[in-house]
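Student: I'd like to learn how to read the sheet and the cavity in this one. Could you walk me through them?

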Amino acid sequence: MITQNEKKLYEAKIPWISNVFSILLMIIGFFGFLILTFTDRFAQILGIGLIYLFAKGLFKLLNNLNTKIYLRYKQVSIETGVLSKQVQDISINKLEGITVTQNIIGKLFNFGSLIISTGGIHCNYYISNPMEFRNKIIN
């Protein structure tokens, strides 16, 4: 049975635009596979570097897809991780600051940066509807 503390009151979504950089890295890195396959030894060194970019982009994309941010009864829960899982539960009573930052593109597409800070934890995530999430925390 789910208790009131475990019930998800609101879930923040990670916006699609936060995956654009990861996908660009993967596209650039894909050329590394082509370089390794079709070129000589000197160019293959460049190919290995580009494959690193592919792996970094893939890892970042998977991390974004596996990040969950929930508002529960008296806490904010943040779950991240690809190969391992990290869960942070932040008590709403102990929050020192909530900062929302939206630039012009963020206002147009309704996403922004949410920064939650306590004494020992400082979390920064790009989410959809950051003002709505902030208002749910405050109320």
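Predicted model: local features only at pLDDT ≥ 70, side-chain atom pairs only at ≥ 80, totals over all residues.

Student: Then which residue in β2 is the bridge partner of Glu11?

Tutor: That's Tyr70. β1 and β2, the latter covering residues 68–71, are joined by three bridges in the antiparallel sense.

Student: How many strands form the open sheet, and in what order?

Tutor: Four, running β1-β2-β3-β4, with antiparallel pairing. At the edges sit β1 (10–12) and β4 (86–91), each with pairing on one side only. On average, neighbouring strands here are turned by 20° against each other, if you ignore direction.

Student: Which helix packs on the sheet?

Tutor: Look at α4, residues 130–138: this helix touches β1, β2 and β3 (75–80). Its direction makes about 40° with that of β2.

Student: On to the cavity. How do I read one?

Tutor: Think of a cavity as a set of points where a 1.4 Å probe fits but cannot get out.

Student: Which residues line the largest cavity?

Tutor: The lining consists of Ile69, Ile78, Leu114, Ile116, Cys123 and Tyr125. Both β6 (111–117) and β7 (122–128) supply at least two lining residues each.

Technical notes
Residues numbered from 1 in each chain as written. Heavy atoms only, no water. Pairing = 2+ DSSP bridges. Axes fitted to C-alpha atoms, helices over the stretch in contact; angles between N-to-C directions. Contact = heavy atoms within 4.5 Å. 1 Å grid on protein atoms, 1.4 Å probe; cavity = no way out; pocket = protein on both sides within 12 Å on 5 of 7 lines; lining within 4 Å.
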